[in-house]
Amino acid sequence: MTNLRITGMSCNNCVRHVDKALRAVPGVTAVEVSLPDARATVEHTDQATLPALIAAVESAGYEAVTAPG
Ligand SMILES: [Cu+2]
């Protein structure tokens, strides 16, 4: 499981974009995105690497860094 701090989300459309981008990464099994917490919690296998998760968020137009649990 990986927690990401997401920068750039301002509404529920942003949440959907981030959610969709993360779910498209091979190995991701579950995603929970919180707008008020600016956070995404991602359940995934080893197939989904941290750089792949971050790249997916960036390709959707947002910034991501790892966040503590
Ligand atoms: Cu938005």
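Guide: First, a cut-off: buried means under 20% relative accessible area. Keep in mind that this is a predicted model.

Visitor: Why is D19 called buried?
Guide: The relative accessible area of D19 is 18%. The limit is under 20%. D19 therefore counts as buried.

Visitor: Where does D19 lie, and what does D19 touch?
Guide: D19 lies in helix α1, residues 12–23. D19 touches V31 and V33, leaving aside residues up to four places away in sequence. Touching here means heavy atoms within 4.5 Å.

Visitor: What is the bridge partner of V33 in β3?
Guide: In β3, V33 has A40 as its bridge partner.

Visitor: How do you know that β2 and β3 pair?
Guide: Pairing takes at least two bridges. Six bridges join β2 to β3, residues 39–44. So β2 and β3 pair, and they run antiparallel.

Visitor: What is the order of the strands in the sheet?
Guide: Four strands form an open sheet, ordered β2-β3-β1-β4, with antiparallel pairing.

Visitor: What makes β2 and β4 edge strands?
Guide: β2 (28–34) and β4 (63–66) each pair on one side only. From one strand to the next, the twist averages 25°.

Visitor: Which strands does each helix lie across?
Guide: α1 lies across β1 (2–7), β2 and β3. Its angle to β2 is about 165°. Helix α2, residues 50–59, lies across β1, β2, β3 and β4. α2 runs at about 25° to β1.

Conventions. Residues are numbered from 1 along each chain as its sequence is written. This is a predicted model: local features need pLDDT of at least 70, side-chain atom pairs count only at pLDDT 80 or more; totals for chains, interfaces and linings use all residues. Side-chain values use heavy atoms; hydrogens and water are left out. Helices (H or I, at least four residues) and strands (E, at least two) are DSSP runs, numbered from the N terminus. Buried means under 20% relative accessible area, exposed over 50%, partly exposed in between (1.4 Å probe, protein chains only). Axes are lines fitted to C-alpha atoms, for helices over the stretch in contact, and angles run from 0 to 180 degrees between N-to-C directions.
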